[in-house]
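Let's take a walk through a protein model together. Have a look at the picture, and we'll go step by step.

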Amino acid sequence: MEKLQQVLDSLGTQPKSSSSNNKKRKWREIEQLKEKFQLEKELKAYEDSLEFMLEDF
């Protein structure tokens, strides 16, 4: 009976850790996407200013 309880206890704790890892991974992916979009926005601003400068010459 005690071994059964140990097995049930160990099964109860495993999904929480994998769920926690999945959440952390998802947040990292979200942060990476945010950084990528921010970088693209900044590069677009520079690209527009360069085109404007080239038109003057």
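Before we start, one term: a helix here is a DSSP run (H or I) of at least four residues, and helices are numbered from the N terminus. Keep in mind that you're looking at a predicted model.

So what does the chain contain? There's one helix and there are zero strands. Helix H1 covers residues 2–56, and the protein chain has 57 residues.

Now let's find a pair of side chains inside that helix. Arg25 and Glu29 both sit in helix H1, and they're four residues apart, about one turn of the helix. Their side chains meet in a salt bridge, with 3.6 Å from N to O. Why does that count? The cut-off is 4 Å between a side-chain nitrogen of Lys or Arg and a carboxyl oxygen of Asp or Glu, so the pair qualifies. In general, side chains of opposite charge can pair when their charged atoms come close. By this rule, the count for the model is one salt bridge.

Together with Leu43 and Tyr46, Leu39 forms a nonpolar patch on the surface, and the three have about 350 Å² of accessible area together. Leu39 itself has a relative accessible area of 47%, so it counts as partly exposed.

Finally, zoom out to the whole chain. How much of it is buried? Of its residues, 0% count as buried. The chain exposes about 5,800 Å², and carbon and sulfur atoms supply 60% of that area.

Technical notes: Residues are numbered from 1 along each chain as its sequence is written. This is a predicted model: local features need pLDDT of at least 70, side-chain atom pairs count only at pLDDT 80 or more; totals for chains, interfaces and linings use all residues. Side-chain values use heavy atoms; hydrogens and water are left out. Patches are made of residues with over 30% relative accessible area and no salt bridge: like charges are joined within 9 Å, nonpolar side chains (Val, Leu, Ile, Met, Phe, Trp, Tyr) within 5 Å. Accessible areas come from the Shrake-Rupley method with a 1.4 Å probe; for residues, only the protein chains shown count as cover. Helices (H or I, at least four residues) and strands (E, at least two) are DSSP runs, numbered from the N terminus. Buried means under 20% relative accessible area, exposed over 50%, partly exposed in between (1.4 Å probe, protein chains only).
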